[in-house]
Amino acid sequence: MVSPKSNGGDTIKSAAIHRKSGLSATSVKHGKPRKKPYKLPNRDVLYLLVQPNGNRFWRMNYRFQGKQKTMAFGRWPEILLSAARERLADARRLLAEGIDPAEQVKRK
């Protein structure tokens with residue numbers, strides 16, 4: 001919360017910035033399979049989908065032209081956390097330019 005403090009007539013606003021810490025390489029490695037698939041969220045829209053058979057897939061949910069879409073970045077450990085974050089950044093750049101990143105990948 002933002003709480004104004006008085007400092008000799010000046011008003012200073014101090015705020016604790018709360019950020020999602022995101023995933024770490026350790027939490028990705030130790031994601032255990034469950035009976036149903038589940039998501040290990042990273043910052044923003046990137047997440048690791050953990051399947052009951054133990055497979056882990058990097059995914060991104062986004063909206064393009066009013067439609068909800070999901071883009072896959074690959075399977076862990078072939079695609080590590082840092083590479084998945086780089087691919088997320090690339091996809092976000094395309095979205096900012098008005099290009100659907102999933103369609104761009106299909107064209108290549």
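Leaving aside neighbours within four places in sequence, which residues is Asp100 in contact with? They are Tyr62, Phe64 and Lys69, where contact means heavy atoms within 4.5 Å.

This is a predicted model, in which local features need pLDDT of at least 70, side-chain atom pairs count only at pLDDT 80 or more, and totals for chains, interfaces and linings use all residues. Residues are numbered from 1 along each chain as its sequence is written, and side-chain values use heavy atoms, with hydrogens and water left out.

The chain has three helices and six strands; these are DSSP runs numbered from the N terminus, with helices (H or I) of at least four residues and strands (E) of at least two. Along the sequence their pattern is β-β-α-β-β-β-β-α-α.

Of the 108 residues, 25% are buried, meaning under 20% relative accessible area with a 1.4 Å probe, protein chains only.

Beyond four places in sequence, the contacts of Leu48 include Leu23, Val28 and Trp76.

Asp100 lies in the loop between H2 and helix H3 (101–107). Asp100 counts as buried because its relative accessibility is 6%. Its side chain makes a polar contact with the side chain of Tyr62 at 2.5 Å; such a contact is a pair of N or O atoms within 3.5 Å, and within protein one must be able to donate a hydrogen and the other to accept it, while residues adjacent in sequence count only if both atoms are side-chain atoms.

Key. Buried < 20%, exposed > 50% of the residue type's maximum accessible area, 1.4 Å probe, protein only.
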